[in-house]
Amino acid sequence: MCAAFPDFRLGNVLATSFTGTLSERHGNAVERIPTPQRLIDWLAVNGLAVDSCTTAQLDLARELRESIHAAATAAAIQDALPAPAVHVINDRSAQGRAAAILTPEGERRWRLSSASCVEDALSVIAADAISIIAGERDGKLALCASPTCRAAFFDTSQSRTRKWCDMNTCGNRQKKARFKANQRQNPRSAE
């Protein structure tokens, strides 16, 4: 992948990983799919390879991403789901052609046909969002505790008390800030 672009933040849940393609939403936002090619790259990394993507399809993908973020955020705080977001998620889910397949390991994967397009991949992401927002999967939607991030993520930890969307970024940043604050408060403890 091109070094000029930020790395993808990959997770175990397709829909919330997709919303993570825009991070630091309440700080200096980082767009991880700034070009159609980067969307192709992200889809390939997530098992949804497509051959091409137009600027219009990238716009559809970003609209879906923001709709999933809005609906997942509302679900995480137990608020009413925003109707426009629900409409976009439902439309994208219905517009694609993808098949669920069972792997020899007993896992569900998605198969796109050889003629698949971005809309087919987006339908898979939308269907995944529907399953987590509807509460059909074991886990809970939560919001990252980082004040600059506030990303929606799907917590599958045993206690369901995870605080960060990603421990390696948001969690680490908050731990470092706490450590530095403690060092300033108690300078002798560093010796």
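Mentor: Let's start with Glu66, which is partly exposed at a relative accessible area of 30%. Buried means under 20% relative accessible area, exposed over 50%, and partly exposed in between (1.4 Å probe, protein chains only). This is a predicted model, where local features need pLDDT of at least 70 and side-chain atom pairs count only at pLDDT 80 or more, while totals for chains, interfaces and linings use all residues. Residues are numbered from 1 along each chain as its sequence is written, and side-chain values use heavy atoms, leaving out hydrogens and water.

Trainee: Which side chain does Glu66 meet in a salt bridge?
Mentor: A salt bridge is a side-chain nitrogen of Lys or Arg within 4 Å of a carboxyl oxygen of Asp or Glu. Here Glu66 meets Arg25, 2.5 Å from N to O. Arg25 is buried, with a relative accessible area of 18%.

Trainee: How many salt bridges does the structure hold?
Mentor: There are ten. Another of them joins Glu63 and Arg92, with the closest N and O atoms 2.3 Å apart.

Trainee: And how do I read an aromatic pair?
Mentor: Rings of Phe, Tyr and Trp (its six-membered ring) pair if their centres lie within 6.5 Å; planes under 30 degrees apart count as stacked, over 60 as edge-to-face and the rest as tilted. By this rule there is one aromatic pair. The ring centres of Phe18 and Trp42 are 5.1 Å apart and the planes lie at 50 degrees, so this pair is tilted. Phe18 and Trp42 are both buried.
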